[in-house]
Amino acid sequence: MPSVKLYNMKAEEVGTLDLSSALFDAEYNEPVIHQAVVTRLANARQGTKSTLTRSEVRGGGAKPWRQKGTGRARQGSIRSPQWTKGGVVFAPKSRDFSKKMNAKAKEKALFSALSQKVRDGEVVFIDDIKVAAPKTKEMAAFYKAFGFEKTVLLVMDNSDEAVLRASSNIPEISTISCDQLNTYDVVKNAKIVISKKAVEQIEEAYGE
């Protein structure tokens, strides 16, 4: 069972925290992480683009001019692709891009990604994620105190309105509740900040 340092919002060490080995010290598995990320991105695609082929464009039933004798190139329909307002060659159609991934594989990917982040020192554990007032300067001070330079994901045990409002104007900071934590958000962000209660809820949810 790995033990990590516990901090407050001012980057001051306030104790230690014991973590579940199954969740935060799992073996790194790049293929399953890749599968989870690809699945997440594929399921986010709308796939609603659609254009008309020559057979679907309205009009163009009559031959625009006779086949021979006009001096012009032969044409069969004004809805052919070379005509303005004609059909589209190999027209894109609506399709479903979604992929499926079983629950056990999703869990394995999440644990693997989290564990690697912990080993790389890219996860910060905090006693509680809270601010005195819903002001941007509160989260800016927190960001500066830890010396963060890139994107940070705050994993909270609940949706604290003050924290959400305080971080909304800082593009480098995003928030998520622990029950919505996923592999994509873990690997996307440079640093992960998890509250003590969020850790407890994650371990309880996955039976640890």
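Two strands are taken as paired if DSSP finds at least two bridges between them. Helices (H or I, at least four residues) and strands (E, at least two) are DSSP runs, numbered from the N terminus. The model is a predicted one, in which local features need pLDDT of at least 70 and side-chain atom pairs count only at pLDDT 80 or more, while totals for chains, interfaces and linings use all residues. Residues are numbered from 1 along each chain as its sequence is written, and side-chain values use heavy atoms, with hydrogens and water left out.

**View 1. Strand E1 with its partners E2 and E3.** Strand E1 (residues 3–7) is antiparallel to strand E2 (residues 13–18), and five bridges join them. The two strands form a hairpin with five residues between them. In the turn, Ala 11 has a positive phi of about 70°. E1 also pairs with E3, here in the parallel sense and over two bridges. Tyr 7 takes part in both pairings: opposite Tyr 7 in E2 stands Glu 13, and its bridge partner in E3 is Ile 126.

View 2. Helix H3 covers residues 103–119. The expected span of a helix is 1.5 Å times one less than its number of residues. For the 17 residues of H3 this gives 24 Å, and the end C-alpha atoms are 24 Å apart, so the two values agree. At the start of the helix, a side-chain oxygen of Asn 102 comes to within 3.3 Å of the backbone nitrogen of Lys 104. This is a polar contact (a pair of N or O atoms within 3.5 Å; within protein, one must be able to donate a hydrogen and the other to accept it, and residues adjacent in sequence count only if both atoms are side-chain atoms). Just after the helix, Gly 121 has a positive phi of about 70°.

Burial is judged by relative accessible area: buried means under 20%, exposed over 50%, and partly exposed in between (1.4 Å probe, protein chains only). Among the buried residues of H3 are Ala 105, Ala 109, Leu 110, Phe 111, Leu 114 and Val 118.

**View 3. The three salt bridges of the structure.** A salt bridge is a side-chain nitrogen of Lys or Arg within 4 Å of a carboxyl oxygen of Asp or Glu. Side chains of opposite charge can pair when their charged atoms come close. Asp 25 and Arg 119 meet at 3.2 Å, N to O. This pair links distant parts of the chain, with Asp 25 in the loop between H1 and H2 and Arg 119 in helix H3, 94 residues apart. Asp 25 is partly exposed at 40% relative accessibility, and Arg 119 is partly exposed at 39%.

In the salt bridge of Lys 93 with Glu 56, the closest N and O atoms are 2.6 Å apart. Both residues lie in the loop between H2 and H3, 37 residues apart. Lys 93 is partly exposed at 32%, as is Glu 56 at 40%.

Glu 122 and Lys 117 form a salt bridge at 3.1 Å, N to O. Glu 122 counts as partly exposed because its relative accessibility is 25%, whereas Lys 117, at 8%, is buried.

**View 4. Pro 92 in the loop between H2 and H3.** Pro 92 is partly exposed, with 31% relative accessibility. Leaving aside neighbours within four places in sequence, Pro 92 is in contact (heavy atoms within 4.5 Å) with Lys 49, Ser 50 and Thr 51. Gly 47, 45 residues from Pro 92 in sequence, is 9.7 Å away in space, C-alpha to C-alpha.

**View 5. Strand E4 between its parallel partners E5 and E6.** Five of the five residues of strand E4 (residues 152–156) are buried. In a regular strand the side chains alternate between the two faces of the sheet. In E4, Val 152, Leu 154 and Met 156 point one way, and Leu 153 and Val 155 the other way. Five bridges join E4 to strand E5 (residues 173–177) in parallel, with Ser 177 as the bridge partner of Met 156. Four bridges join E4 to E6, also in parallel, and Val 155 stands opposite Ile 194 in E6. E4, helix H5 (residues 161–167) and E5 make a right-handed β-α-β unit. Right-handed here means that, with the strands pointing away from the viewer, the path from the first strand over the helix to the second runs clockwise.
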